[in-house]
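The sequence and structure are shown first, and the description follows.

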Amino acid sequence: MLPTARLGASTRPGVVIDLGCGVGTQGIWIAKETGALVLGTDRSTTAVRLARTNASLHGVLGHWY
């Protein structure tokens with residue numbers, strides 16, 4: 001696990017901001033561990049589409065831009 005993900009999961013945030021989210025892996029993982037809402041952004045529209053799909057598959061609430 002990456003140090004950023006470990007820190008996010010240990011602090012129990014209400015909202016996770018995932019800049020350069022890619023396909024959403026870290027934000028989704030932290031949200032599953034904490035129940036946080038994810039706000040993810042990436043310049044790749046393909047990555048954002050995949051992040052939305054992955055979040056839905058994992059039952060994670062979020063907004064992806």
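## Overview

Of the 65 residues of the protein, 32% count as buried, where buried stands for under 20% relative accessible area, exposed for over 50%, and partly exposed for values in between (1.4 Å probe, protein chains only). The model is a predicted one, in which local features need pLDDT of at least 70 and side-chain atom pairs count only at pLDDT 80 or more, while totals for chains, interfaces and linings use all residues. Residues are numbered from 1 along each chain as its sequence is written, and side-chain values use heavy atoms, with hydrogens and water left out.

The secondary structure comprises 3 helices and 3 strands; helices (H or I, at least four residues) and strands (E, at least two) are DSSP runs, numbered from the N terminus. Read from the N terminus, the elements follow the order α-β-α-β-α-β. Among contacts in the protein with a separation of 6 or more, 44% are accounted for by residues 24 or more positions apart; a contact is defined by heavy atoms within 4.5 Å.

## The sheet

The 3 strands form an open sheet with the order S1-S2-S3, and the pairing is parallel. In this report, two strands pair if DSSP finds at least two bridges between them. Strands of a sheet pair through backbone hydrogen bonds, either parallel or antiparallel. The edge strands are S1 (15–19) and S3 (62–64), each of which pairs on one side only. From one strand to the next, the twist averages 10 degrees; axes are lines fitted to C-alpha atoms, for helices over the stretch in contact, and angles run from 0 to 180 degrees between N-to-C directions.

Strand S1 is joined to strand S2 (residues 37–41) by 5 bridges, and the two run parallel. Within this pairing, Val-15 stands opposite Leu-37, Val-16 has Val-38 as its bridge partner, and Ile-17 stands opposite Leu-39. S2 and S3 also pair in the parallel sense, over 3 bridges, with Gly-40 of the sheet opposite Trp-64 in S3.

## Faces of the strands

Leu-19 lies in strand S1 and counts as exposed, because its relative accessibility is 66%. Leu-19 and Arg-43 are 24 residues apart in sequence, and their C-alpha atoms are 9.6 Å apart in space.

The chain crosses from S1 through H2 to S2 in a right-handed β-α-β crossover. A crossover is right-handed if, with the strands pointing away from the viewer, the path from the first strand over the helix to the second runs clockwise. S2, H3 and S3 likewise make a right-handed β-α-β unit.

Thr-34 is found in helix H2. This residue is buried, because its relative accessible area is 18%. A polar atom of the Thr-34 side chain lies 2.8 Å from the backbone oxygen of Ile-30. A polar contact is a pair of N or O atoms within 3.5 Å; within protein, one must be able to donate a hydrogen and the other to accept it, and residues adjacent in sequence count only if both atoms are side-chain atoms.

## The nonpolar core

Which residues make up the largest nonpolar core? It has 9 residues: Cys-21, Ile-28, Ala-31, Val-38, Val-48, Ala-51, Ala-55, Val-60 and Trp-64. Such a core is a set of buried Ala, Val, Leu, Ile, Met, Phe, Trp, Tyr and Cys residues joined through side-chain atoms within 4.5 Å. Helix H2 (25–34) and helix H3 (45–57) each supply at least two residues of this core, and the largest share, 3 residues, comes from H3.

## Leu-61

Leu-61 has its place in the loop between H3 and S3. Leu-61 is exposed, because its relative accessible area is 65%. Apart from neighbours within four places in sequence, Leu-61 is in contact with Ala-36, Leu-37 and Val-38. The C-alpha atoms of Leu-61 and Lys-32, which are 29 residues apart along the chain, are separated by 9.4 Å.
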